[in-house]
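I open my notebook and start with the backbone.

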Amino acid sequence: MHHDALPPVSWRLTLDALEAEVRRRTPLEPALGIVLGSGLGGLADHLADVTAIPFSELPGWPAATAPGHAGRLLLGHLAGVPVVALQGRFHLYEGHPAGLVVQPVLLMQRLGAPVVLLTNAAGGVDPAYGAGTIMLIRDHLNLTGVNPLIGPNDERLGPRFPDMVDAWDPALRALLRRAAQETRVTVEEGVYAQLLGPSFETPAEVRMLGVLGANAVGMSTVVEAIVARWAGLRVAGVSLVTNPGAGITGQPLTHEEVLAAGEAAGPRMVSLVRRFAELLPTT
Ligand code: HPA
């Protein structure tokens, strides 16, 4: 991993350039930033007055490579609420430095969003989580072995040793629960573990994750949450369990299965996130 290639001290200038490029195209001031995980990009169809910017048109951003990830920054309105959404994201398993993976959430903050909602597709570690389970993220395990904040810090952006207690904002989680109730979407709540990928876990690893207290496992989100908290953003997260974790059913795991389950749960995820956006001013 070249995790030291883009240390925090380099981020301000990068963000200046990114912000300028977005502002050349739209003055929209988002109240919420949303990162759309694998198969959840359909939320993009529910945005009004959209400005869509392909990743490759933003300075320093490579095109998205993961199948099921469109790779666009979207600014528009969701249920009347101004939002910025990332359709697709950068992953460590693509070989990107952590300092690139976290740029989107920092850009969302630059554009004015005080809150980010991170979504992902995940494997169920909890044996009770079947495909289609929606889990609100209460806490995380960073099992990537990397931290995006390694290297010289920029104290103007965030502290050297950021606190991670309540990194996953309890008030936002309560709002997500309320949004779920009002839209009659069933949700669980648990701990998300990020591993590097791109190989799926072994059955032994999934058993290990259960022992460690994880309820779901995936290949994203945690490094983004760490930097978002460091920068002072409020963070909420939703995992869509697209498959039972490796070894639970004995079936092999495939990315196609992940995408199909993401699409099947799309409407429930959209209802939940729309209502959450509408309720946001009440926190
Ligand atoms: N493991 C890791 N990441 C995933 C999985 C999984 O089982 N499903 C979707 N993303």
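**Entry 1**

I start with Asp166, in the loop between strand 6 and helix 4 (170-182). I keep in mind that this is a predicted model. Asp166 is not a glycine, yet its phi is positive, about 55°. Most residues other than glycine have a negative phi. Is Asp166 buried or exposed? I find a relative accessible area of 51%. The cut-off for exposed is over 50%, so Asp166 counts as exposed.

Next I look up Thr221, which sits in the loop between strand 8 and helix 6. Thr221 also has a positive phi, about 80°, and is not a glycine. Its relative accessible area is 0%, so I write it down as buried.

Then I check a peptide bond. The bond from Gly197 to Pro198 is cis, with omega near 0°. Most peptide bonds are trans. I place Pro198 in the loop between strand 7 (188-194) and helix 5 (203-212).

**Entry 1: An enclosed helix**

How many of the eight residues of helix 3 (residues 103-110) are buried? I get six, so this helix is largely enclosed by the rest of the structure. The buried ones are Gln103, Pro104, Val105, Leu106, Leu107 and Met108.

**Entry 2: The cores**

I turn to the nonpolar cores. Nonpolar side chains tend to be buried together in soluble globular proteins. The largest core here has 49 residues. Trp61 and Leu73 have the most contacts inside it. Which helix gives this core its largest share? I find helix 6 (residues 222-230), with seven residues.

Thr133 lies in the loop between strand 5 and strand 6 (134-142). At 15% relative accessibility it falls under the 20% cut-off, so I count Thr133 as buried. What does the side chain of Thr133 reach? I trace it to the backbone oxygen of Gly130, at 2.7 Å. Residues up to four places away in sequence aside, Thr133 touches Glu188, Ser239, Leu240 and Val241.

His140 lies in strand 6. It is at 13% relative accessibility, so it is buried as well. Its side chain makes a polar contact with the side chain of Trp168, at 3.0 Å. I list its contacts, leaving out neighbours within four places in sequence: Trp168, Val191, Tyr192, Val222 and Ile226.

**Entry 3: The ligand shell**

Now I look at the ligand. The residues around it include Ala121, Ala122, Gly123, Phe200, Glu201, Thr242 and Asn243. By class, I note seven nonpolar, four polar and one charged residues in the shell.

Which atoms lie 3.4 Å from a nitrogen atom of the ligand? For Ala121, I find a backbone N or O atom at that distance. For Gly123, a backbone N or O atom also lies 3.4 Å from a ligand nitrogen. Thr242 uses its side chain: a polar atom there lies 3.5 Å from a nitrogen atom of the ligand.

How much of the ligand does the protein cover? I read 96% of the 260 Å² of accessible area that the ligand has on its own. Strand 5 (115-124), strand 8 (216-218) and strand 9 (234-244) each give two or more residues to the shell. Strand 5 gives the most, three residues.

**Entry 4: Glu257**

I end with Glu257, in helix 7 (residues 255-264). Its relative accessible area is 29%, so it is partly exposed. Apart from neighbours within four places in sequence, Glu257 is in contact with Thr242, Asn243 and Pro252. Thr242 and Asn243 are also in the shell around the ligand.

How far is Glu257 from Pro27? They are 230 residues apart in sequence. In space I get 39 Å, C-alpha to C-alpha.

Notes. Residues are numbered from 1 along each chain as its sequence is written. This is a predicted model: local features need pLDDT of at least 70, side-chain atom pairs count only at pLDDT 80 or more; totals for chains, interfaces and linings use all residues. Side-chain values use heavy atoms; hydrogens and water are left out. A residue is near a molecule or strand if one of its heavy atoms lies within 4 Å of it. A polar contact is a pair of N or O atoms within 3.5 Å; within protein, one must be able to donate a hydrogen and the other to accept it, and residues adjacent in sequence count only if both atoms are side-chain atoms. Accessible areas come from the Shrake-Rupley method with a 1.4 Å probe; for residues, only the protein chains shown count as cover. Helices (H or I, at least four residues) and strands (E, at least two) are DSSP runs, numbered from the N terminus. Ala, Val, Leu, Ile, Met, Phe, Trp, Tyr, Cys and Pro count as nonpolar, Asp, Glu, Lys and Arg as charged, and the others, Gly among them, as polar. A nonpolar core is a set of buried Ala, Val, Leu, Ile, Met, Phe, Trp, Tyr and Cys residues joined through side-chain atoms within 4.5 Å. Buried means under 20% relative accessible area, exposed over 50%, partly exposed in between (1.4 Å probe, protein chains only). Contact means heavy atoms within 4.5 Å.
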